[in-house]
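Please read them with the structure open.

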Amino acid sequence: MEIGPIWRALMRNKTGAILIALQIAVTMAIMVNAISIMQERGRLMARPSGVDEQNIFSISSVGFAEQFNERAAIKEDLTALRALPGVVNAIQSNSIPLSGGGWSMGLQTEPGEDVDGPSVAVYFVDEHGIDTFGLNLLAGDNFNPTDITWRDIGDTGWSDKIIITQSTAEALYPDDPDGALGKTVYISGDLPMTITGIIEQMQAPWNGWEGVENVILVPNHTLFGATHYIVRTEPGRRDELMPQVEELLAASNQDRIVRSMRSMEEIRERSYKADSAMISILTFTIILLVTVTSLGIVGLASFSVNRRTRQIGTRRALGASKVAILRYFMTENLLISLLGVVTGAALTVGLNILMIETFSLTRIAWYLVPAAMLILLVVGQVAVLGPARKASSVPPAVATRTV
Amino acid sequence: MFTYYLKLGWLSIRRNPLLSTLMVAAIAIGIGACMTIITVNYVMSSNPIPQKSDQLFYVQVDSWDPVERDGEGFEAPDQMTYLDAMALMKADKAYRQVASNRSGLVLEPENDEERPFSVDTRNTWADFFPMFDLKFIYGSGWDDSADRNLERVVVLSKEINERVFGGENSVGRSVRMNGMDFQVTGVLDEFIPVPKFYDVTNDPFGETEEVYIPFNVAVEYEFPRYGNTSCWKSPDGDGFDAFLNSECVWIQFWAELRNENEKQDYMAFLNAYAEQQKELGRFPRPLNNQLSDVMEWMENQEVVADDAQVMLGLSLLFLAVCLLNTIGLLLAKFLGKAGDISLRRALGATRSTLFAQHMIESAMIGLGGGILGLGLTWLGLRGVEMLFGEMVENLVGLDWVMVMTAIGLAIASALIAGLYPTWRACRILPASQLKVN
């Protein structure tokens, strides 16, 4: 083939080629690392919250008047909400997954002040909690209505029953998570609680939390002044019921205000806003970057075609076909691009190591490197196609002219 | 001579519009991407109170757990217990000191037609206003005596004053919140410190509070606490008093110390206080009290998000790609007019004049790229605003420092990119290119 002569011609004018190769290399390093970050964020966002996301919404109620009776209001509200046509179930709780605000406690398997144990997110629910959130009870029993007690804002006591997630069971008993049911754990150092149920999965209110699925359900109604109602509707009726529920609560009691009504989908969107924005910005960056690089290839290739017009004419006059000229420039670009992507692979790995050390990002997936190499080679070929076709259309007669 | 080179540069740019456009576009895109991210980083890490950031100190006293959990090491808690905050307020050892926390109340407008609405409040002390240099439109903050006597006084933000009193001077009038009347002592002017340095435990780029009331009043009436409460052990007993006397942290404490002496004295006082608490059986850890000035505290709390720094790194690399691009294109361009250059050399132009001429041409391309890049930066910032929404509301403004940085960066980039091509152009021998034709 013609690789020999093309390579030697390239070596006579190295600078332009090196610049393009470098540009491709840096482009590849940015591209692969950006895609790796995007993949990581995508994985974070794909984790299920464990609740019935399509059909749940939450709304807050804040009492303010002197005569506001929170306990009576909660009972009344729950009765009204559960009676509403289209509502599957409703509870009062302190929080909801991904909402960003909640309560966490330490659990331990032995009593005592200086015993270590996992941190868990606490959701206070009544016997309707599992049904309202749409959780999957794997073992044990749901709470009984008689288990539910009222918790005042300064109370430090804890119920004697809890339901935990599988992941909490694993954190508590790494050797025997399946035997967690019926065991006693301790909260606040030495207050015992018996595990009476295990649910499959549920997320804490904080998406970036280390043990994001370490969750416990505690059978309490809370009297914290501000409260959240969580409502689960029949499939497809959420949007129609949301304004109804808001109106119902606002009208039924004038001693409080209702606010922050949000569907679970909106809560998820807010929770991952920074991550989805990062994905958009990185996507945009990659597109711009590849565009700039291909424009650079177009610019330099056009320049080199212009400069070699006479040579091309001479080759054509000596019998080279149009295809041969086209092939010449395509192959030249392929050589440069190859140099670029090989350097790029090294740069990519280097940048990744740096990012892992500085920002504790994850390692890039191995297949991204060959994939990016291939993509950039194709981009290079497409970019050079225009100038190369222009070169192939140089008429042989050019060789005979002097200017 | 300079204007002549400008003219030559302009002619050269016009002679090859495709290459010139590509170069300007490459620089503009690089500058646009870079400046968008730099602006966000710059605002995130900016000094919210430059006039006295080195005199305001966030106070941490280490009252925390003797057991090291989750391998976090022994760091002093980032907020303070009620016990310690009140002891430090009472000791009054700093020039000014303020304990505060975030809260929320329900405000009932005088007009019955309007529904009550919730407001973000800050429970704080009289010194808060002079300490953080808050400006008032009407009236002023409250007196120390209001703190001591549990007076129900309130300072309103500009927006709330507009919403409730139509923007009139409301000093002396009363506002009803959570069923209690509060007397207005002042209305603040716009107050949007970025970051919201005095409380970064919540959203450091979030809104400032709408209403300010005395801390002691909030405690007296057990107003709710927004923001984080962390406890390493449960309160001894039920109820609010047990909570107040517990080891739970939920208060931010700032001290104003005007010089190194005051700072050292205050540190000595904190250490003496901790020793005294140790004797009472509290503060089980080794002595570890901290005073961090505003910028140190922002650093400690990692106010600049990792994401922003990752983006900054990537965008600088992006600019590097654009520079490589420009170098290649400039090289093509300058060598393309080798004939011109050798003719000028033959007619007596020295290398240094040619050098100046081509650097000026590069700078012109940089200037063009910078101006276009500024436009792209503006678009980029609007994009960031659209993507992040209210999270970045205060982060996406372009000030003149950023405008000058953009233009400067563009010209500097173009000059750096122009160095090698110019050097190559200057090496062209006189008349060498003339023989061919």
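1. At what angle do helix H2 (residues 14-46) of chain A and helix H11 (residues 368-392) of chain A pack, and how far apart are their axes? The model is predicted, so to speak of local features requires pLDDT of at least 70 and side-chain atom pairs count only at pLDDT 80 or more, while totals for chains, interfaces and linings use all residues. Residues are numbered from 1 along each chain as its sequence is written, and chains are lettered from A and ligands numbered from 1 in the order in which they are written.

2. The angle between H2(A) and H11(A) is about 135 degrees, with the axes 10 Å apart, which makes H2(A) oblique to H11(A). Here axes are lines fitted to C-alpha atoms, for helices over the stretch in contact, and angles run from 0 to 180 degrees between N-to-C directions; under 35 degrees counts as roughly parallel, over 145 as roughly antiparallel, 65 to 115 as roughly perpendicular and the rest as oblique. Helices (H or I, at least four residues) and strands (E, at least two) are DSSP runs, numbered from the N terminus.

3. In chain B, helix H2 (residues 17-44) and helix H11 (residues 306-336) pack at about 160 degrees, their axes 9 Å apart, and that makes H2(B) roughly antiparallel to H11(B).

4. Chain B holds 14 helices and 11 strands. Its radius of gyration, taken over C-alpha atoms, is 30 Å, well over the 22 Å that the globule rule (2.2 Å times the number of residues to the power 0.38) gives for 437 residues, so chain B is more spread out than a compact globule. The C-alpha atoms of chain B fill a box of roughly 100 × 60 × 35 Å, taken along the principal axes.
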